[in-house]
Amino acid sequence: MFISFEGIDGSGKSTQARLLADALRAQGLSVLEVREPGGTRLGEEIRALLLDPGQDVDPRAELLLFSAARAHLVASTIAPSLEAGEVVIADRFFDSSTVYQGAGRGIANPRWLHSLHEFATSGLSPSRTYLVDVPADVAAARRSPEADRMEAAGQEFYQTVRAAYLDLARAEPNRVLVVDGMPAPEAVHTLILSDASRLLAGG
Ligand code: TYD
């Protein structure tokens with residue numbers, strides 16, 4: 001089963017991805033954790049380019065680089081792992097491009113993005129996406145003061161991205177589950193684990 005985590009920077013999604021992976025491993029499942037961009041040598045190099053505050057990246061180039069990293073990660077790592085029957089937990093997947101580049105940078109319409117994602121992933125989509133939701137100001141306070149290139153975009157950008165995430169969840173309620181990221185991490189984790197356990201049991 002393929003699970004992704006989404007949320008604005010500082011939402012706590014990476015903590016939740018790790019807690020879920022640990023819990024499922026403790027149940028004896030074989031779990032692969034990946035992060036986007038990254039997860040492969042090529043992906044990590046693309047990540048370094050994209051997050052470098054010293055780079056001036058055209059938004060269209062930005063979208064294509066995130067998509068290129070994703071295509072490589074799917075082909076080299078995610079697809080083989082799913083074929084082997086493992087659970088794959090991705091810290092970000094194509095929804096990040098829809099909301100950060102599509103809505104945040106305002107450069108692409110949903111129909112066009114859908115085709116790009118389908119191409120980059122060969123049609124692979126998560127069965128479940130946990131959207132860890134917190135207000136933009138809460139997330140900003142949780143982030144480290146050293147902003148990377150994406151984080152330097154400012155509060156208005158993050159408000160747009162958060163709203164786009166919530167729109168996406170409304171559009172795809174069967175896949176995207178909004179989880180309130182305000183409670184303590186353990187409480188958020190309990191909710192996610194119970195949903196994932198039900199799905200893994202075929203429910
Ligand atoms: P993330 O791994 O969440 O950052 P961190 O390691 O700082 O927690 O994501 C890196 C940044 O890349 C984040 O600002 C979101 C952005 N991003 C996009 O804009 N589009 C994408 O398609 C992806 C995967 C990430």
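**Before you click**

You are looking at a predicted model, in which local features need pLDDT of at least 70, side-chain atom pairs count only at pLDDT 80 or more, and totals for chains, interfaces and linings use all residues. Residues are numbered from 1 along each chain as its sequence is written, and side-chain values use heavy atoms, with hydrogens and water left out.

**Stop 1: the largest pocket**

Select D9, E36, P37, R47 and R92, which lie nearest the centre of the largest pocket among its 20 lining residues. Here a pocket is an open set of points, on a 1 Å grid over the protein atoms alone, where a 1.4 Å probe fits and protein lies on both sides within 12 Å along at least five of seven lines; lining residues have an atom within 4 Å of a point. A volume is the space filled by probe spheres set on the points, which are joined across faces, edges and corners.

Now colour by helix. At least two lining residues come from each of α1 (13-26), α2, α3 and α4, and α4 gives the most, with four. Helices are DSSP runs of H or I with at least four residues, strands are runs of E with at least two, and both are numbered from the N terminus. The lining holds 10 charged, six nonpolar and four polar residues. In this count Asp, Glu, Lys and Arg are charged, Ala, Val, Leu, Ile, Met, Phe, Trp, Tyr, Cys and Pro are nonpolar, and the others, Gly among them, are polar.

**Stop 2: the ligand**

Show the ligand next: the space it takes is the largest pocket (more than half of its atoms lie within 2 Å of the pocket's grid points). The elements giving two or more residues to its shell are α2 (41-51), α3 (59-83) and α4 (94-104). The shell has 16 residues, the closest being D9, R47, R92, S97 and Q101; to be near, a residue needs a heavy atom within 4 Å. Eight of the shell residues are charged, five nonpolar and three polar.

For Q101, a side-chain N or O atom is 2.8 Å from a nitrogen atom of the ligand. A polar contact is a pair of N or O atoms within 3.5 Å. The protein covers 88% of the 560 Å² of accessible area that the ligand has on its own (Shrake-Rupley method, 1.4 Å probe).

**Stop 3: two backbone spots**

Go to P37, in the loop between β2 (31-35) and α2. The peptide bond from E36 to P37 is cis, with omega near -10°. Then pick R92, in the loop between β3 (87-91) and α4; R92 is not a glycine, yet has a positive phi of about 85°. Most residues other than glycine have a negative phi, and most peptide bonds are trans.

**Stop 4: the second largest pocket**

Finally, select F94, H114, H117, E172 and R175, nearest the centre of the second largest pocket, which 15 residues line. This pocket holds about 290 Å³ of space. Here α5 gives the most to the lining, with six residues.

Terms used. Polar contact = N/O pair within 3.5 Å; in protein donor to acceptor, adjacent residues only side chain to side chain.
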